[in-house]
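Reader: Can you walk me through this one? I'd like to start with the ligand site.
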Amino acid sequence: MGFMHTMNNTAALQVAPASRDGFSSRFGVLAATLGSAVGLGNIWKVPYLTGANGGAGFLLIYLLATLAIGLPIMIAEITLGRRAQSNPLTAFRRVAPGSGPWWLTGLLGIAASFLIIAFYSEVGGWVFAYVLQALRGTLTSTDPAVTQAAFERLTRDPAQSLFWQWAVLLLIGAILMAGVTKGIEAVTKRLMPLLLILLIGLCAVSLTLDRAREGLHFLFAPDFHRITVGTVLVAMGLAFFKLSIGMGTMITYGSYYRADQNIPATALRVMLADLTISLLAGIAIFPAVFTFGFAPASGPSLVFITLPAVFAQIPQGQWLMSVFFILTAFAATGALLSLLEVPILTFQELLHLKRRQATLLTLMLLVLPSAGAALSLSTLSSWRVAGLNLFDLFDYVSSNILMPLGGVLLALFTGWVWGAERLGNALSNQGRLSNGGLARAISGLLKYVTPILVLAVMASGLGLLSFLGA
Ligand code: TRP
């Protein structure tokens, strides 16, 4: 009961202890959260997955998954984090003491974060390497065979792969050591607006190209023939990945939210801005790809092989290419900050470490998994599980298994254990906002709809329901 008393004492819980770092302004909250959502996903995943799965039909399913599954989970995670004022492992215990081993959800999230950082930092490394090459003008060939060879020189060279990955990881670690306000918030507040401006500039150029219409048609005209259960799983996994949910990132960032922040409004804004940036990336990419006669569905190599060849055909293409990879590097930075923050905050609070020590520990624990991803195209290319190399395995397991599973557990916890009343109280900033109906709707969704939907899609997508003919 003593705990309940504290829970109802808004001043005690909502004002973070002076020792707890957090986001200082409303715009800072928005920029940091958007910085987490916007990432390589928008530029590297959404366009190629859209391309590979038949264009706009896929986008539509992704949009549905984002609205029906992603947004409620995102809101619940942020609210849980802000209420608990803690890392994702402690959060479950703190808001519902004695409710069972729900903290295992947090543990699952930490495990997922290491897998994601491992492959994500590798792609981030390629992006930073490409920024340099684009600026120096060494990437300018209109022949995809040449740009492919350049990409393979980078990815098949163990030393280069490791070098760029660790350059990125150390940069992110340095920003994180500066703190939440002075590191994460300060950096994302500057990078996010810049990213948007650069992207809009690229779209303007791309739309003036000859066959821009074909690119737009590809992106926006639905083709439902290509949609299968597997496609739905991929779209749902993408919704989790895009909104950074299902593994504790939003719980972690939620714990830095201001007490007066309108959480549902912020989450909706982030989701819409993130979607806009994905579509803008598609608008920047596909008209150019079609104009110069390339195939849109060319897999992850779209960004690193096709695009450099495309840019090389456009006047001033070298500068446009530099802009493109710089904005992609900005996107990767904001996302990686949020990914590493999960283990860092957890180690800081559970092991009573200083921020610097927690950051160093996280980086040390990353040595093995990140090397696994970095070397998966060279030294370790023969290490395969179910036909996937380590890089693809980490990506597949995190997006299609760990994050949806984390999402289901979080939905069950919020709906059944934490409960509509306590969720509603936290969501309304203790009654200061009138969004009670929204809280009940979210709670109902999380209780019944989300778990069944996510589990069904997971099971069929993973082939577990094949006996039903699904
Ligand atoms: N949302 C980011 C992107 O689309 C990636 C990301 C950042 C992420 N933090 C995450 C994915 C947490 C899953 C979980 O690129």
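Author: One term before that: a polar contact here is a pair of N or O atoms within 3.5 Å. Also, this is a predicted model.

Reader: Fine. How far is the side chain of Ser244 from a nitrogen atom of the ligand?
Author: An N or O atom in the Ser244 side chain is 3.1 Å from a nitrogen atom of the ligand.

Reader: And how much of the ligand does the protein bury?
Author: The protein buries 100% of the 360 Å² that the ligand exposes when taken alone.

Reader: Where does the ligand sit?
Author: In the largest cavity.

Reader: Which elements give two or more residues to the shell around the ligand?
Author: Those are α3 (26-37), α4 (40-52), α7 (103-136), α12 (229-242) and α16 (317-350). The largest share comes from α16, with 3 residues.

Reader: What is the makeup of that shell by class?
Author: The shell has 9 nonpolar, 6 polar and 1 charged residues.

Reader: Which residues come nearest to the ligand?
Author: Of the 16 residues around the ligand, the nearest are Ala37, Gly41, Tyr120, Phe241 and Lys242.

Reader: What are the distances from Tyr120 and Lys242 to ligand oxygen atoms?
Author: For Tyr120, an N or O atom of the side chain is 2.4 Å from an oxygen atom of the ligand. For Lys242, a polar side-chain atom lies 2.6 Å from a ligand oxygen.

Reader: Back to Ser244. Where in the chain is it?
Author: Ser244 is in the loop between α12 and α13 (249-254). Its phi is near 55 degrees, which is positive in a residue other than glycine.

Reader: Is Ser244 buried or exposed?
Author: Ser244 counts as buried because its relative accessibility is 11%, and the cut-off for buried is under 20%.

Reader: Which other residue has a positive phi although it is not a glycine?
Author: Gln430 has a positive phi of about 55 degrees. Gln430 lies in the loop between α19 (420-427) and α20 (436-461).

Reader: Gln430: buried or exposed?
Author: Buried, with a relative accessible area of 18%.

Reader: Different topic. Where is Thr328?
Author: Thr328 is in helix α16. Thr328 is buried, since its relative accessible area is 1%.

Reader: What does the side chain of Thr328 reach?
Author: The Thr328 side chain reaches the backbone oxygen of Phe324, at 2.7 Å.

Methods:
Residues are numbered from 1 along each chain as its sequence is written. This is a predicted model: local features need pLDDT of at least 70, side-chain atom pairs count only at pLDDT 80 or more; totals for chains, interfaces and linings use all residues. Side-chain values use heavy atoms; hydrogens and water are left out. A residue is near a molecule or strand if one of its heavy atoms lies within 4 Å of it. A polar contact is a pair of N or O atoms within 3.5 Å; within protein, one must be able to donate a hydrogen and the other to accept it, and residues adjacent in sequence count only if both atoms are side-chain atoms. Accessible areas come from the Shrake-Rupley method with a 1.4 Å probe; for residues, only the protein chains shown count as cover. On a 1 Å grid over the protein atoms alone, a cavity is a set of points where a 1.4 Å probe fits but cannot get out, and a pocket is an open set with protein on both sides within 12 Å along at least five of seven lines; lining residues have an atom within 4 Å of a point. A molecule sits in a cavity or pocket if more than half of its atoms lie within 2 Å of its grid points. Helices (H or I, at least four residues) and strands (E, at least two) are DSSP runs, numbered from the N terminus. Ala, Val, Leu, Ile, Met, Phe, Trp, Tyr, Cys and Pro count as nonpolar, Asp, Glu, Lys and Arg as charged, and the others, Gly among them, as polar. Buried means under 20% relative accessible area, exposed over 50%, partly exposed in between (1.4 Å probe, protein chains only).
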